[in-house]
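My notes follow in the order in which I looked.

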Amino acid sequence: MEIFLRFLVIFVRAIALVFSPLLDRFVYPPKAERTLIPPIRNRLLTLSVQELRSRLRSRQLTSVVLVGAYIERIECVIAHLNAIVESRFSAALEEAAKADDLIAGCESPADVTKLFEDRPLLGLPVTIKESCALGGMTFAVGNLARKEVKAQADGEAVKRLRSAGAIPLLVSATPEYCFSIETDTLLNGCCRNPYDFERTPGGSSGGEGSLNGAGASLFGIGSDIGGSIRIPSLYCGIFGHKPSGGVVSTKGHFPNAKDPNIEHYLVEGPMTRFAEDLNDLLKVMAGKDKSSKMRLDEPVQLNQIEVHYALGFEGVNGLMHQPVDEEIRNAICKATTHLSTLGLVVKRAKLPNLKNSVEMALSSIAKQDGMDFLLESECTAKSSGIVRKILWEILKSLVGKSCYTTNALIFELMRQTNAFMSRSRVNRYMEEGHYLIGEFRDLLGDNGVLLFPTLNLPAPRHKWSIFSLWGVDYTLLFNVLGLPVTHVPIGLNERGLPIGFSVIAAPNQDRLCLRMAVELERAFGGWQPPIPHDIEN
């Protein structure tokens with residue numbers, strides 16, 4: 001355990017305990033009405049990939065109509081959310097017309113079946129996180145110096161989605177270099193949460209979280225090196241899956257690293273309102289060989305899953321973290337009670353030794369020397385001069401005088417200082433993390449899942465995500481371990497904000513997470529819209 005790091009964690013916890021109640025009472029008093037997006041009025045926007053694909057196959061629906069419906073929804077909410085960096089609506093409608101022509105050209109039901117076997121997402125709209133690379137579209141990733149950069153080609157996962165027939169509508173907002181859990185940049189401005197415009201949708205897949213939570217995306221692709229799929233999914237009330245390390249290619253993603261093991265930590269995965277769609281989307285993104293390795297085509301018997309649960313970190317380590325919100329803990333308990341009534345084995349987890357969770361989590365960031373640096377031209381080597389430069393930029397950013405955002409600079413500082421640890425200590429914590437992979441594999445086996453908080457709190461207000469940033473080991477730890485994790489929404493709290501938790505399995509046992517997500521969606525309703533639908537007849 002590192003004294004200085006833990007001092008920072010304890011200091012942030014103390015600040016949060018003192019100032020959060022004061023902010024709630026005096027700075028952000030409760031309002032009679034929350035700022036909300038317009039309701040969904042088109043029934044097509046309430047249907048899953050499974051349902052829409054069935055309608056396309058049977059020619060009850062055209063892709064042009066479906067894509068048009070999502071474009072209309074996006075245009076209805078975008079001024080409220082600021083979640084889009086660049087759109088391609090005209091090109092998407094042209095691609096939709098071509099998809100309709102392919103379907104219309106089938107001469108028999110067998111031809112239609114074969115077409116959708118080859119292209120299982122044919123005619124379905126998708127939104128793309130900017131950092132995942134959509135050829136010809138902006139590739140600035142929230143950075144002023146990159147504002148003219150365009151993606152030269154599709155990223156590998158995006159290419160797989162398009163090959164399966166999906167139609168990209170846009171690229172969505174990210175924090176600068178994806179180095180934050182709040183999507184607010186000098187280049188694109190502040191992205192807002194559809195459940196409360198005064199709150200963040202999270203990051204770094206914040207644009208995807210915002211659009212999907214608003215019902216303005218059928219599904220999206222996000223990336224995750226420390227919670228960047230799961231945190232926006234929590235804050236915006238949707239399902240998000242971080243795949244097992246190495247199963248979905250991150251080729252083409254920015255930032256990336258030269259480290260051959262980077263895909264153990266950095267992953268791309270699906271984000272959606274519909275749990276039933278996750279399995280099919282992951283199969284496309286992973287490809288045939290990796291899907292076979294994960295046995296995604298094999299049915300999972302729910303009653304054969306063994307459920308472990310924990311309500312947060314325990315012991316001294318738990319005391320040093322901010323406490324987990326009571327409603328999130330209650331959500332986990334509600335789920336375990338439900339699963340017990342179905343006859344599943346449910347037990348309080350005897351977690352492996354996680355006393356150094358913060359150190360192990362941050363060591364993985366410190367080790368990424370080959371990843372693109374924010375201050376690239378000045379950061380060719382680690383030195384005290386570079387650290388002083390970053391500290392100066394942080395101070396400037398706090399008064400709006402820097403060309404960089406504060407959270408991205410803090411992330412940069414952690415990398416340049418080895419997270420305030422010696423290199424030998426970083427290596428030691430990395431070895432501890434590798435050992436933990438085996439411990440979790442033994443705990444969960446090939447039929448076990450762990451229910452665990454995704455993060456300690458629901459969506460914070462803009463600029464106050466710094467409190468949650470120091471609890472990022474809730475998510476980052478599972479990137480270190482390479483475990484598959486699905487965030488599952490379990491309704492709204494008393495303030496109308498989404499809550500939920502993570503379902504975690506052993507490496508390459510993603511199908512267990514996805515099956516559990518489907519059951520919990522059935523039992524608790526899954527995504528709850530920010531405002532009730534007003535469907536037009």
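Entry one, cavities. I looked up the second largest cavity of this predicted model, and about 70 Å³ of space lies in it. Its lining is made up of 13 residues, and those that lie nearest the centre are Cys178, Ile225, His253, Pro255 and Leu266. When I sorted the lining of this second largest cavity by class, I noted seven nonpolar, four polar and two charged residues.

I then turned to the largest cavity, which holds about 370 Å³ of space. I listed 23 residues in its lining, with Leu362, Phe411, Leu469, Val472 and Leu476 lying nearest its centre. Helix H14 (357–366), helix H16 (406–416) and helix H19 (473–481) are the elements that each give two or more residues to this lining. By class, the lining of the largest cavity has 15 nonpolar, seven polar and one charged. For the whole structure, my search gave five cavities of 30 Å³ or more.

Entry two, a helix pair. I looked up how helix H3 (residues 63–81) packs with helix H4 (residues 89–104), and found an angle of about 160 degrees with the axes 8 Å apart. Angles over 145 degrees count as roughly antiparallel, so I recorded H3 and H4 as roughly antiparallel to each other. The crossing of H3 past H4 is right-handed.

On the H3 side of the contact I noted residues including Val64, Val67, Ile71 and Glu75, and on the H4 side residues including Phe89, Leu93, Ala96 and Asp100. The residues of this contact divide into 10 nonpolar, two polar and two charged.

Note on methods: Residues numbered from 1 in each chain as written. Predicted model: local features only at pLDDT ≥ 70, side-chain atom pairs only at ≥ 80, totals over all residues. Heavy atoms only, no water. Axes fitted to C-alpha atoms, helices over the stretch in contact; angles between N-to-C directions. Helix = DSSP H or I, 4+ residues; strand = E, 2+ residues; numbered from the N terminus. Parallel < 35°, antiparallel > 145°, perpendicular 65-115°, else oblique. Left-handed = near helix turned anticlockwise from the far one by under 90°. Contact = heavy atoms within 4.5 Å. Nonpolar A, V, L, I, M, F, W, Y, C, P; charged D, E, K, R; others polar. 1 Å grid on protein atoms, 1.4 Å probe; cavity = no way out; pocket = protein on both sides within 12 Å on 5 of 7 lines; lining within 4 Å. Points joined across faces, edges and corners; volume = space filled by probe spheres on them.
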